[in-house]
Amino acid sequence: MAIWFIFIALESLNGTIRTLWLVPLFGDLRAHQLSFITGSLLILTIATISIRWIEATSLAQLMSVGVLWMLLTVTFEVALGRWAFGYSWAQIAADYNLFQGRLMAIGLVLLLFAPLIATRIRDVWIVGGTYGR
């Protein structure tokens, strides 16, 4: 959960930057898409840096961490949107609508698999194939 709190803090900063600077420059949809890219890079970077500290090594452990991160994020997003910002359920759901160019659903899938991806990145690129042996 400690790593998830780092994700949320940085993603909140990412969202603030999107709202204050990217939306006025590029419009709402393009700003969300650009913010998705930076958010994805942040998630993968933090996951890769922290994956050894997490000490999850088996597929089941890595997937459990991913499920936890994904569920915590959905809970946070819904709670923040609904009760802090007063968004309607339709407004919250809109961020997950791929057909409208929104990418939050893909972000959740990325969170789910981030521990696996991070382990692979560490194994192949950072440690030269020796991690986990």
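This is a predicted model: local features need pLDDT of at least 70, side-chain atom pairs count only at pLDDT 80 or more; totals for chains, interfaces and linings use all residues.
Colleague: What makes D28 and R102 a salt bridge?

Modeller: The closest N and O atoms of D28 and R102 are 2.5 Å apart. The cut-off is 4 Å between a side-chain nitrogen of Lys or Arg and a carboxyl oxygen of Asp or Glu, so D28 and R102 count as a salt bridge.

Colleague: Why would side chains pair up like that at all?

Modeller: Side chains of opposite charge can pair when their charged atoms come close.

Colleague: And why do you say that the D28 and R102 pair ties parts together?

Modeller: D28 sits in helix 2, while R102 is in the loop between helix 4 (89–94) and helix 5 (104–126). Those parts are 74 residues apart in sequence, so the pair ties them together.

Colleague: How do you know that D28, D95 and R102 are linked in a network?

Modeller: R102 has a salt bridge with D28, and R102 also forms one with D95, with closest N and O atoms 2.8 Å apart. That links D28, D95 and R102 in a network of salt bridges.

Colleague: What does H32 make contact with?

Modeller: Leaving aside residues up to four places away in sequence, H32 touches R18, D95 and R102. H32 is located in helix 2 (residues 28–54).

Colleague: What makes the H32 and R102 side chains a polar contact?

Modeller: The distance is 3.2 Å, and the cut-off for a pair of N or O atoms is within 3.5 Å, so the pair counts as a polar contact.

Colleague: Is H32 buried or exposed?

Modeller: Buried: H32 has a relative accessible area of 19%, and the limit is under 20%.

Colleague: What about D123 and R120: why is that pair a salt bridge?

Modeller: The closest N and O atoms of D123 and R120 are 3.6 Å apart, and the limit is within 4 Å, so the pair qualifies. D123 and R120 are three residues apart in helix 5, so about one helical turn separates them.

Colleague: Which cover labels do D123 and R120 get?

Modeller: D123 is buried at 14% relative accessible area, whereas R120 counts as exposed at 52%. The cut-off for exposed is over 50%.

Colleague: On to the rings. How many aromatic pairs are there?

Modeller: The whole structure has five aromatic pairs. One of them is W4 with F76: the ring centres are 6.1 Å apart and the planes are at 80°.

Colleague: What makes F85 and Y87 tilted, then?

Modeller: The planes of F85 and Y87 are 35° apart, with 5.6 Å centre to centre. Under 30 degrees would be stacked and over 60 edge-to-face, so F85 and Y87 land in the tilted class. F85 counts as exposed at 51% relative accessibility, and Y87 as partly exposed at 37%.

Colleague: Last topic: what makes up the nonpolar surface patch?

Modeller: L25, F26, L34, I37 and L41 make that patch, about 500 Å² of it. Helix 1 and helix 2 are the elements that give two or more residues, and helix 2 gives the most, with three.

Colleague: How do you know that L25 is exposed?

Modeller: L25, found in helix 1, has 64% relative accessibility. Exposed means over 50%, so L25 counts as exposed.

Technical notes:
Residues are numbered from 1 along each chain as its sequence is written. Side-chain values use heavy atoms; hydrogens and water are left out. Helices (H or I, at least four residues) and strands (E, at least two) are DSSP runs, numbered from the N terminus. Buried means under 20% relative accessible area, exposed over 50%, partly exposed in between (1.4 Å probe, protein chains only). A polar contact is a pair of N or O atoms within 3.5 Å; within protein, one must be able to donate a hydrogen and the other to accept it, and residues adjacent in sequence count only if both atoms are side-chain atoms. Contact means heavy atoms within 4.5 Å. Rings of Phe, Tyr and Trp (its six-membered ring) pair if their centres lie within 6.5 Å; planes under 30 degrees apart count as stacked, over 60 as edge-to-face and the rest as tilted. Patches are made of residues with over 30% relative accessible area and no salt bridge: like charges are joined within 9 Å, nonpolar side chains (Val, Leu, Ile, Met, Phe, Trp, Tyr) within 5 Å. Accessible areas come from the Shrake-Rupley method with a 1.4 Å probe; for residues, only the protein chains shown count as cover.
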